[in-house]
Amino acid sequence: MARPTLVSLAKELGVSRQTVSNVINAPHLVREETRERVAAAIKASGYQPNQAAQSLRNQKSRTIAMRIYPTLEEGINGAVMDRFLHCMVDELRTAGYHLLLVTADDVDDELETITAMHLRGRIDGCILTHSHADDPRPAQLAEAGVEIACFGRPWGAEETSTHAWVDVDGGAGTLVATRHLLDQGHHRIGFIGWPVGSGAGDDRRKGWAQAMRAAGVEGFEQWTTEGIDTMDSGLAGMEQLLAAGVEAAVCSSDSLALGAVEALRRSGRLDEGSAPVIGFDDTPVARAMGLPSIDQNVEQAARLLCQQLLRRLDGDHNPVPVTERLVTPSLAVRGLRAMVLAGAKT
């Protein structure tokens, strides 16, 4: 069988050679329906662009760098980043790019590593994660001439920032979660989150507060605890809320939520078919236990982030509305597994 080429693919699909080339090198220039059809055909055919020729012609490495962080020792959210990475690698590969993962000891090491790689022509740009308020990385990398896209908003500067970014609307997620518990008849709903100032954690707390305020619940501001992202923190937080008369909780993560479920189990307050705790991230552990959780829809975030970065690498720096940078999460409703409920009665 002859090796597929741009010309043979274009002829087979009934499109121009330039269209096939654009799907590989500048997918944002192609209509979504056509892009998906051509991309599927490219993948099925096994066609491989000549990366060396492309790099020489465009003076690009066609490589994007991203720092990878170690998973928290007691955290269970690593699987969420696995989904994010998988989708990002796939999206970049379709556009003819590769994702290069790097490690760093701290922010200074990350900045030095990425800047040096860019100066040596090894990367065309980078993707930043773990953003936070007053994050110094976007400005410093921009000053070094590195094109970036950040998974996480520039807190407080969403409308004025000049770099590409995409974020999950965590507040919208916890708002839906809280409304769900209210609809189930719970009114004394607490919030177990991270320390104030974490950006994403503050956003998630805000959604809970908005739903409680809209429901006319009085005194809810006192029903909140915070701690590091572990099950032990969730357990301690829920025990504190139970002592204050709280009957249900929305949490900033599944780790915290699983700790809260354990607190309910120890207190004998888990009823059959009831799950008065909602987590965030919809991890495999949450699904296995039947814990309701907010799915960040990270695949959509990864696609949008790659598209923004590739658009800028092609010279398009037109501003993107904030509404097009925020991904709406969804609530995965489920009931606790029988093994969890059985544990509550032992």
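Student: Which residues go with Phe191 in one aromatic cluster?

Tutor: Phe191 forms one aromatic cluster with Trp208 and Phe220. Keep in mind that this is a predicted model, where local features need pLDDT of at least 70, side-chain atom pairs count only at pLDDT 80 or more, and totals for chains, interfaces and linings use all residues. Residues are numbered from 1 along each chain as its sequence is written, and side-chain values use heavy atoms, with hydrogens and water left out.

Student: How many aromatic pairs does the structure hold?

Tutor: Three. Rings of Phe, Tyr and Trp (its six-membered ring) pair if their centres lie within 6.5 Å; planes under 30 degrees apart count as stacked, over 60 as edge-to-face and the rest as tilted. In one of the pairs, Phe84 and Phe151 have ring centres 4.5 Å apart and planes at 10°, so that pair is stacked.

Student: Where do Phe84 and Phe151 lie?

Tutor: Phe84 is in helix H5 (residues 78–94) and Phe151 in strand E4 (residues 147–151), so the pair ties together parts 67 residues apart in sequence. Helices (H or I, at least four residues) and strands (E, at least two) are DSSP runs, numbered from the N terminus.

Student: Are Phe84 and Phe151 buried or exposed?

Tutor: Phe84 is buried, with a relative accessible area of 1%, and Phe151 is buried at 14%. Buried means under 20% relative accessible area, exposed over 50%, partly exposed in between (1.4 Å probe, protein chains only).

Student: And what about Trp208 with Phe220?

Tutor: That pair is edge-to-face, 5.5 Å centre to centre with 85° between the planes. Trp208 lies in helix H9 (residues 200–214) and Phe220 in the loop between H9 and strand E7 (224–226), so the pair ties together parts 12 residues apart in sequence. Trp208 and Phe220 are both buried.

Student: Switching topic: what does Gly170 touch?

Tutor: Not counting residues up to four places away in sequence, Gly170 touches Arg153, Asp203, Arg204 and Phe280; contact means heavy atoms within 4.5 Å. Gly170 is in helix H8 (residues 170–183) and is buried, with a relative accessible area of 3%.

Student: Where does Arg204 lie relative to Phe280?

Tutor: Arg204 lies over the face of Phe280, at 3.7 Å from the ring centre. A charge sits over a ring if NZ of Lys or CZ of Arg is within 6 Å of the ring centre and within 35 degrees of the ring normal. The charged end of Arg62 sits over the ring of Tyr97, 4.3 Å from its centre.
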